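Dear colleague,

Please find below the structure that I am handing over to you.

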Amino acid sequence: MSRSLYCILVYLIIPFTGSAQNGWTIYNSTNSPLPENSVRCITIDQNGLKWIGTEFGLASFDDINWTVYQTTNSGLPDNSIRSLAVDQQNNLWIGTFSGGLVKFDGSTWTVYNTGNSDLPDDFVRCLVVDTLNNKWIGTIGGLAYFDDVNWVLYNTSNSILGSNNIGSIYVDKEDNSVAIGTINGGLTLIDDTAWTPYTLWNSNLPDNTILGLDEDSSGVLWLATPAAGLSAHIGGFSFLTFNTASSTIASNSLTSISIAADETIWVSSNDSGIIKRDGSTFEVYNTLNSPLPDNFVHTINADEPGIIWIGTLQGGLIRFDESLYLPVKEITATFPVQLFPVPAKEILFIKANDQTINQVYIYDTYGKIIRTKIVNSNNTSLDTSDLPSGTYIAKIIGANGMVASKIFSTLH
């Protein structure tokens, strides 16, 4: 590729306004220059420029103009982008699926991989820049600390990390302490004096996998987990957990978290869209009650002006201004549902007289999903013959987006 063609492609500016509906603006590969509809990560730099990592390239967006970067027109080593962060000099740091870590200063691309650096693995799942401009890099092969010159590596062999597969990182803006969420290895908190591990076995941490971390203004660390819902570290080895059994949160399977300037907590899920916790109440926006195009959401980012940026599995990038949106349905409304026989032995029948049932979820008392069923009728049945005797929760979602929750028991 000639140098002149390279420059034209990299700095190509394409104006686009998107398709909007009552506060929702959806950008996808059909109606915008977004390179791919699977949006893995989003960050916003010091100039308000949005950086969007997809499965087929990187894009920048200033609310009007787009620039797309791929392996064919830039220094990117891999089109599958998995994490993004901005440092104090407004350089963009990019974590890829198989190409390692990349620094982009607006003109030069610098690649760090297992072949030319001490990066422990070329799959960079998460990364954060601390208040001293050091980079914390989470890979599937361990944690790396990089000060732009020196590397320090942490793994299960030389530290108390419970897993080398790092799922999320958070750095406290006040004291520079670090929280490390792993895949199947629990949570590790790092400060100047100690590393402290939290797992299912030494605390009431609800899940050993943490996919999202953020902190509120009072210093409470919040965790998004893929199997146990939303949890808050309230001190010592104590965690307060909100799941579908203990609260009105719509899903236990959370993928990321972002706390807005007004203290509203936003989480994304892989089955129920996005969820907002405002005070002690939960609200959900999904494909049933809003224009959200996909219930599987990889990432969520609450911008300073109160705009929510959402990256989905198949529906592209979404800009959501809740102040402009009037919900189509009240998702927390209930409707009459009958469950029988109770206790159930072999089969549980579910009937809604004047409502079509879309989906049924069965949870145990720990909030774990143990049954799901797609329905398009006002009645259905579930095989309960293999469920141990005990108490369960049925969540029934109607065709109009309303939800009914019922407790039932089994007896064998």
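Where does Asp63 lie? Asp63 is placed in the loop between strand 6 (57-61) and strand 7. Please note that this is a predicted model.

Two residues deserve a remark for their backbone angles. Most residues other than glycine have a negative phi. Asp63, however, has a positive phi near 85°, and Asn133, which is not a glycine either, has a positive phi of about 75°. Asn133 belongs to the loop between strand 12 (124-129) and strand 13 (135-139). Asp63 is partly exposed because its relative accessible area is 37%, whereas Asn133, at 9%, is buried.

The next region concerns peptide bonds, most of which are trans. The bond joining Phe340 and Pro341 is cis, with omega about -10°. The bond from Val342 to Pro343 is also cis, and its omega is near 5°. Phe340 is part of strand 31 (residues 338-340), while Pro341 is found in the loop between strand 31 and strand 32 (347-351). Pro343 lies in the loop between strand 31 and strand 32 as well.

Phe340 is partly exposed, with a relative accessible area of 38%. Together with Ile347 and Phe349, Phe340 forms a nonpolar surface patch with about 250 Å² of accessible area.

Finally, Gln70 sits in the loop between strand 7 (65-69) and strand 8 (81-86). Its relative accessibility is 16%, so Gln70 counts as buried. Beyond its neighbours within four places in sequence, Gln70 is in contact with Pro35, Phe56, Gly57, Leu76 and Asn79.

With kind regards

Notes. Residues are numbered from 1 along each chain as its sequence is written. This is a predicted model: local features need pLDDT of at least 70, side-chain atom pairs count only at pLDDT 80 or more; totals for chains, interfaces and linings use all residues. Side-chain values use heavy atoms; hydrogens and water are left out. Helices (H or I, at least four residues) and strands (E, at least two) are DSSP runs, numbered from the N terminus. Buried means under 20% relative accessible area, exposed over 50%, partly exposed in between (1.4 Å probe, protein chains only). Contact means heavy atoms within 4.5 Å. Patches are made of residues with over 30% relative accessible area and no salt bridge: like charges are joined within 9 Å, nonpolar side chains (Val, Leu, Ile, Met, Phe, Trp, Tyr) within 5 Å. Accessible areas come from the Shrake-Rupley method with a 1.4 Å probe; for residues, only the protein chains shown count as cover. A salt bridge is a side-chain nitrogen of Lys or Arg within 4 Å of a carboxyl oxygen of Asp or Glu.
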